[in-house]
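Here's a quick walk through a predicted model. Have a look at the fold first, then read on.

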Amino acid sequence: VFICKFPARTLWLQQQLQLPPISFAHCADFVDYLDNAPAKDIKLVYVAENITQPSSMMGHVLLQISGFNKQNKYVDHAVSFYTDVSGFKAPMFMFQATVTGKKGYFSLTPIREKLERYHRDEQRNIWTYDLGLTDEQKQRIQYHVWELKTAPLTYYFKSYNCATLTHFILATTGSAEIEKHFSTALTPLDIAKSVNAAHMIT
């Protein structure tokens with residue numbers, strides 16, 4: 001049960017302790033995820049701020065994972081973290097998002113619908129950066145995304161937002177430069193700067 005829920009940590013322990021290869025064949029849900037959400041290519045997507053929505057004043061950042069699925073169809077997924085802004089009331093939202101925290105939502109969804117909404121409906125600029133990662137680094141990210149599926153996450157506007165979670169995911173690559181750029185108050189633009197400083201952008 002443990003290795004099916006925490007495959008990235010299992011893989012890390014196996015490598016650190018030089019244990020025999022571990023099979024995930026009995027983890028049916030995890031294997032199905034690997035088959036349908038491949039991570040052959042990983043990109044960083046930076047979405048500019050939406051000036052009509054104070055909750056999006058810093059912009060948004062997410063990861064895009066792509067590849068051919070089990071049916072040999074090329075698929076793109078967005079790995080994203082956000083909070084609910086429906087019925088937005090600035091004073092209440094800012095109090096919850098900075099003091100008490102709001103319920104955070106971690107999602108793995110087809111990316112096209114997200115980008116269309118940002119670009120067409122909200123008129124936001126989008127930058128996409130191809131990341132030059134090794135197969136091992138891509139595997140760590142893909143496995144860790146699965147671990148986050150059931151994690152209880154609380155959203156804080158400054159201290160635990162989309163940039164924070166994206167930073168933590170990228171830190172699984174083992175890049176010292178990424179880790180060096182950690183701050184208790186990260187913005188989406190900070191993530192773009194840190195992957196650039198780590199020479200990850202191809």
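## A word on handedness

A helix crossing is called right-handed if the near helix is turned clockwise from the far one by less than a right angle, and left-handed if it is turned anticlockwise.

## Two helices side by side

With that in hand, take α7 and α9: their crossing is right-handed. The two pack at an angle of about 25°, with their axes 8 Å apart. Angles under 35 degrees count as roughly parallel, so α7 is roughly parallel to α9. On the α7 side, Cys162, Ala163, Thr166, His167 and Leu170 make the contact, while α9 brings Pro188, Ile191 and Val195.

Helix α9 (residues 188–197) also lies across β1, β2 and β5, and runs at about 140° to β1.

## The sheet

Six strands make up an open, antiparallel sheet, in the order β5-β1-β2-β3-β4-β6. β5 (126–130) and β6 (154–155) are at the edges with a single partner strand each, so one side of each has no neighbour in the sheet.

Strand β1 (residues 41–47) pairs with β5 in the antiparallel sense over 5 bridges. Tyr46 sits opposite Trp127 of β5.

In soluble globular proteins, nonpolar side chains tend to be buried together. Here the largest nonpolar core has 41 residues, and Leu44, Phe106, Leu131, Ile141, Ile169 and Leu170 touch the most other members. Helix α7 (residues 162–171) gives the most to this core, with 6 residues. Apart from this core lies another, of 6 residues, including Val45, Val47, Ile111 and Tyr118.

What does Phe106 touch, leaving aside residues up to four places away in sequence? Its contacts include Val79, Phe81, Val145, Leu148, Leu165 and Ile169, along with Ser80 and Lys149.

Notes:
Residues numbered from 1 in each chain as written. Predicted model: local features only at pLDDT ≥ 70, side-chain atom pairs only at ≥ 80, totals over all residues. Heavy atoms only, no water. Pairing = 2+ DSSP bridges. Helix = DSSP H or I, 4+ residues; strand = E, 2+ residues; numbered from the N terminus. Contact = heavy atoms within 4.5 Å. Axes fitted to C-alpha atoms, helices over the stretch in contact; angles between N-to-C directions. Core = buried A, V, L, I, M, F, W, Y, C linked by side-chain atoms within 4.5 Å. Buried < 20%, exposed > 50% of the residue type's maximum accessible area, 1.4 Å probe, protein only. Parallel < 35°, antiparallel > 145°, perpendicular 65-115°, else oblique.
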